Amino acid sequence: FQKVILFNSPTLFESRMWMFVAVLVVLVVVETSAFRTTFLSSRFSASKLHAKNIIDGVEISGDLMPISNNVLVRVKEPESATKGGLYIPDNAKERPTEGVVIAAGPGRIHSDTGVEMDVSVKPGDRVLYGKYDGTELKYNGANHQMIKDDDVLLKFSGDALTLANVEPVKDQVLVRLLPKEDKTASGIVISTPGQDKRPSAGIVVKIGPGRQANNGQVLPMQVHPGDGV
């Protein structure tokens, strides 16, 4: 009975009609926006999935993804001049051992225990690695190096390597070398030019977190900052 009265009243009927139309319009707009967002997201994901990259002149679909404990490093270009402004010919440039981590694998699986070992670096880290470590490759026109995370000596943040931002990885130890003695206490020369030996003593400045055992546990370091070694 109440519904009959409401619909028989022109004012109430018109009000409810306009309210119904307004709600319907809002629902249509929301559904359209949701569909458009979903469509664009899906299209973006699909385009990213099928992005073209070039490795050593061969086109591949998607990004290059290292496996195990492999690390993809974009090599820092060698300096073309010394700090004093002298020009360095191409054939005299040293092979760079510094770069930025572009991608890293999930970690190697220990062959005896099946434990997945941690990777010591992540994308974005700047690293120093051994001079002859890894495999060279050209990725999207830039020089890259595929190395193992065990090859990483140090990692750091920022544009320049400083004592404040450097971090040894795993069980690496950073040592400040002691001043070289040219004479004994009695004044006898113990080294001559061209015959200098590599220093073998110093003070521990920084240490890594430690190396993982086969069960995944991190072993404690046996030296600490300030130790003489």
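Buried here means under 20% relative accessible area and exposed over 50%, with partly exposed in between (1.4 Å probe, protein chains only). The legends below describe a predicted model, in which local features need pLDDT of at least 70, side-chain atom pairs count only at pLDDT 80 or more, and totals for chains, interfaces and linings use all residues. Residues are numbered from 1 along each chain as its sequence is written, and side-chain values use heavy atoms, with hydrogens and water left out.

View 1. Let us start with Glu98, which belongs to strand E4 (residues 98-104); helices (H or I, at least four residues) and strands (E, at least two) are DSSP runs, numbered from the N terminus. Is Glu98 buried or exposed? Its relative accessibility is 16%, so Glu98 counts as buried. Setting aside neighbours within four places in sequence, Glu98 is in contact (heavy atoms within 4.5 Å) with Arg74, Val75, Lys76, Val127, Leu128, Tyr129 and Phe156. One of these, Lys76, also forms a salt bridge with Glu98, with the closest N and O atoms 3.7 Å apart. Here a salt bridge is a side-chain nitrogen of Lys or Arg within 4 Å of a carboxyl oxygen of Asp or Glu. Because Lys76 lies in the loop between E3 and E4 while Glu98 is in strand E4, the pair ties together parts that are 22 residues apart in sequence. Lys76 itself counts as partly exposed, at 36% relative accessibility.

View 2. Strands are taken to pair if DSSP finds at least two bridges between them. E4 pairs with strand E5 (residues 126-129) in the antiparallel sense over 3 bridges, and here Glu98 stands opposite Leu128 in E5. E5 is also joined to strand E8 (residues 152-156) by 4 bridges, and these two run antiparallel.

**View 3. Two nonpolar cores.** A nonpolar core is a set of buried Ala, Val, Leu, Ile, Met, Phe, Trp, Tyr and Cys residues joined through side-chain atoms within 4.5 Å. Which residues make up the largest nonpolar core? There are 10 of them: Val71, Val73, Val75, Val101, Val121, Val127, Tyr129, Ile147, Val152 and Val169. Strand E3 (70-75) and E5 are the elements that give two or more residues to this core, and E3 supplies the largest share, 3 residues. A second, separate core has 7 residues, including Ile55, Leu72, Ala103 and Tyr139. Back in the largest core, Val169 is a member that touches Ser120, Val152, Leu153, Lys155, Gly208 and Pro209, not counting residues up to four places away in sequence.

View 4. How many salt bridges does a search of the whole structure find? The search finds 7. In one of them, Asp150 meets Arg211, the closest N and O atoms being 3.5 Å apart. Asp150 lies in the loop between strand E7 (142-148) and E8, and Arg211 in the segment after strand E11 (202-207), so this pair ties together parts that are 61 residues apart in sequence. Both ends are partly exposed: Asp150 has a relative accessible area of 35%, and Arg211 has 34%. The pair belongs to a network of salt bridges that links Asp149, Asp150, Lys170, Asp171 and Arg211. Elsewhere, the side chains of Lys122 and Asp125 meet in a salt bridge at 3.3 Å, N to O; Asp125 is buried, with a relative accessible area of 11%.

**View 5. The hairpin of E1 and E2.** Strand E1 (residues 52-55) is joined to strand E2 (residues 58-61) by 4 bridges, and the two run antiparallel. Together E1 and E2 form a hairpin with 2 residues between them. What is the phi of Asp56 in the turn? It is positive, about 50°.

**View 6. Val173 in strand E10.** Val173 is found in strand E10 (residues 173-177) and counts as partly exposed at 34% relative accessibility. Not counting residues up to four places away in sequence, Val173 touches Val204, Lys206, Ile207, Met221 and Val223. For a distance to check on screen, Val173 and Leu154 are 9.2 Å apart in space, C-alpha to C-alpha, and 19 residues apart in sequence.
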